[in-house]
Amino acid sequence: MLTKYRIASLVIILLLFGLGYFIYATETAEDSSFPFRLGLDLSGGTELIYEADVSALAEDDTDGAMQSLRTVIERRVDAFGVASPIVQTEQAGFVTGEIVHRLIVELPGVTDIEEATAMIGETPVLEFKLLREGASPVEGLGIEIETNEGTSTVGSQDGSAAGSAQDDRYEATGLTGRYLEDAQLQFNQTTGEPYVSLQFNRDGAGLFAEITRENQGRILAIFLDGKPISQPVIRDVITNGQAQISGGFSGSGGLAEARELMNNLKFGALPVPIELVNTQTIGPTLGQATLDAGVIAGLIGLGLVILFLILWYRLPGVVAAVSLSLYVILMLALFKVVPVTLTAAGIAGFILSVGMAVDANVLIFERFKEERRAGRDLIDAIHAGFSRAWPSIRDANISSIISAVILYWLGTSLVKGFALVFGLGVLVSMLTAISVSRTLLLALAGEKVTAALAMLFGTGLSKH
């Protein structure tokens, strides 16, 4: 009967050592595929806060535009290889009534503010605008349009490009970089000249088709950062959502210019203008000090808890210590594999979840003690103790998980880091406190209870 529990206990011990080795090996390797991902407050880095100008958008379009802004900024930052960037949007000013839309960008490891702002600030705003009836266009720009019948060159003008996004000659169409899905550098098969191919998403393709259907013969200018870069004449209805920017890419620097334009558009043409309003830099020394303090606090707390469990609960306390050790190692492995970005708040959530795991063990052992006092033998008392403690453990953990979900859903990035680690820790602690502790206790229990075994399973200051 007890053989299966002893085999399972051996598997648990092997798992404990295996996960411990995994953490050690991946942390000491130079080019580890599973490093710990540290947040801005632990690794040091830069926080940039931008305000978005959504005045030109309808109220119903604001949320979608801000989500698109977040997406393109994430793509832009990822292209620079920044480890574990955090990009989020938030609204402020509910009390005053003037809602301000902000974009918060955290760049761990980047302490050069100029470098950080360059990553974000160089991202262009792409807009498509119609030339008003009777107005004269900015000259000197051309484009190739991908139509249903093939590629055709249309709308070439002569002169200089000296317009602006505020030019009264042009009217907005609503088609912006928000709808841009991809941009690719390609070459004209006849002339060999480079051009940039644009692909709009489904909504953008529908809007593009509507614009070309209703405005044939009119000029549809393409503005990049407020300046017109091309002015095609709409010749056909374009339903596939594809366009090509060409012209101005000839000569020795043409290929480099086309590639730069492609990269800017591919990594994020902003749907709305943004303005940098605040910056904050945390040095790596301060971040390391925060990390060291969190680790030391966690080790001291865990050590004291294990010492109390062993002194008060004896052999079950040792089992609880093994269970807690497995819990800690399993959580650290999950941090690496998921991966979870660790912040100071996340470490606090981790330490708190250790307390939840300890709480479950205390409930189990107290129930076990009551069953022993009621005259049950060792094995029956273990089964009954776990069964009676389970409803309390379940309810407490479910309430904690609900709290973690709400915090993650409504909180800022700092609160989300705490909520994620705490919620994950509660789930794992339920596994280790119930399954692991129960298996180890049953493996150590004997069919015959000797005086020595009764003393080892005793609690508190009593002899048994």
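Me: Which residues is Thr 176 in contact with, leaving aside its neighbours within four places in sequence?

Reply: Thr 176 touches Leu 126, Glu 127 and Pro 271, its neighbours within four places in sequence being left aside; contact means heavy atoms within 4.5 Å. This is a predicted model, in which local features need pLDDT of at least 70 and side-chain atom pairs count only at pLDDT 80 or more, while totals for chains, interfaces and linings use all residues. Residues are numbered from 1 along each chain as its sequence is written, and side-chain values use heavy atoms, with hydrogens and water left out.

Me: Why does Thr 176 count as buried?

Reply: Buried means under 20% relative accessible area, exposed over 50%, and partly exposed in between (1.4 Å probe, protein chains only). The relative accessibility of Thr 176 is 16%, and Thr 176 therefore counts as buried.

Me: What makes E8 a partner of strand E5?

Reply: Strands (E, at least two residues) and helices (H or I, at least four) are DSSP runs, numbered from the N terminus. Two strands pair if DSSP finds at least two bridges between them. E5 (residues 126-131) and E8 have 4 bridges, in the antiparallel sense, and therefore pair. Glu 127 has Thr 176 of E8 as its bridge partner.

Me: Which strands are the edge strands of the open sheet?

Reply: The open sheet has 4 strands in the order E8-E5-E11-E12, with antiparallel pairing. Strand E8 (170-176) and strand E12 (227-230) are its edges, since each pairs on one side only. From one strand to the next, the twist averages 45 degrees; angles run from 0 to 180 degrees between N-to-C directions, and axes are lines fitted to C-alpha atoms, for helices over the stretch in contact. Helix H5 (residues 202-214) lies across E5, E8 and strand E11 (220-224), at about 150 degrees to E8.

Me: Why is strand E10 described as largely enclosed by the rest of the structure?

Reply: Of the 7 residues of E10 (residues 194-200), 6 are buried, so the rest of the structure largely encloses this strand. E10 pairs with E9 over 7 bridges in the antiparallel sense, and with strand E13 (residues 242-245) over 4 bridges, also antiparallel. Leu 198 is the bridge partner of Ala 183 and, in E13, has Ala 243 as its partner. The hairpin of E9 and E10 has 6 residues between the strands, and Gly 192 in the turn has a positive phi of about 80 degrees.

Me: Which residues have the most contacts inside the largest nonpolar core?

Reply: A nonpolar core is a set of buried Ala, Val, Leu, Ile, Met, Phe, Trp, Tyr and Cys residues joined through side-chain atoms within 4.5 Å. The largest one has 50 residues, and Leu 324 and Phe 350 have the most contacts inside it. Its largest share, 11 residues, is supplied by H8. The contacts of Leu 324, apart from neighbours within four places in sequence, include Leu 302, Val 305 and Val 354. In soluble globular proteins, nonpolar side chains tend to be buried together.
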